[in-house]
Amino acid sequence: MQTRIKVTSPESLGASLRALRKDKGLNQTEAGKPAGVNQVTVSSIERGVPTRVDTLFRLLAALDLELVIQPREKPDEDAW
């Protein structure tokens, strides 16, 4: 099943990653280990703290996720 999640901020990205990690039954240490990302960094990303793009992509890969960019369907007042 494909899940599409609308992400409009670092906080919504972090919350989405947290939910998807938990769906996989992983704790933060387990999720970060294959990506070489420690638990503190995973926690920071999940809280919406800015991180390096390469770190984010390593975590996405470790969770078997990908980033897809597409035009917005309609303007979002909460977006940056």
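Predicted model: local features only at pLDDT ≥ 70, side-chain atom pairs only at ≥ 80, totals over all residues.
**Helix 1 and its surroundings**

Helix 1 covers residues 10–23, and its 14 residues reach 20 Å from the first C-alpha to the last, close to the 20 Å expected at 1.5 Å a residue. Just past the end of helix 1 comes Gly 25, whose phi is positive, at about 75 degrees.

Stepping back to the whole chain, the secondary structure consists of four helices and zero strands, with the elements running α-α-α-α from the N terminus on. The radius of gyration is 13 Å, close to the 12 Å that the globule rule gives for 80 residues, so the chain is as compact as a globular protein of that length. Along its principal axes, the C-alpha trace spans about 35 × 30 × 20 Å. Of the contacts between residues at least 6 apart in sequence, 58% join residues at least 24 apart. Buried residues account for 29% of the 80 in the chain.

One nonpolar surface patch, of about 440 Å², is made by Val 53, Phe 57, Leu 67 and Ile 69. Val 53 lies in helix 4, which comprises residues 53–62. With a relative accessible area of 55%, Val 53 is exposed.

Note on methods. Residues numbered from 1 in each chain as written. Heavy atoms only, no water. Patch = residues over 30% accessible without salt bridge, like charges linked within 9 Å, V, L, I, M, F, W, Y side chains within 5 Å. Areas by Shrake-Rupley, 256 points an atom, 1.4 Å probe, with all protein chains shown as cover. Salt bridge = Lys/Arg side-chain N within 4 Å of Asp/Glu carboxyl O. Helix = DSSP H or I, 4+ residues; strand = E, 2+ residues; numbered from the N terminus. Buried < 20%, exposed > 50% of the residue type's maximum accessible area, 1.4 Å probe, protein only. Expected span 1.5 Å × (residues − 1). Rg over C-alpha atoms; globule rule 2.2 N^0.38 Å. Contact = heavy atoms within 4.5 Å.
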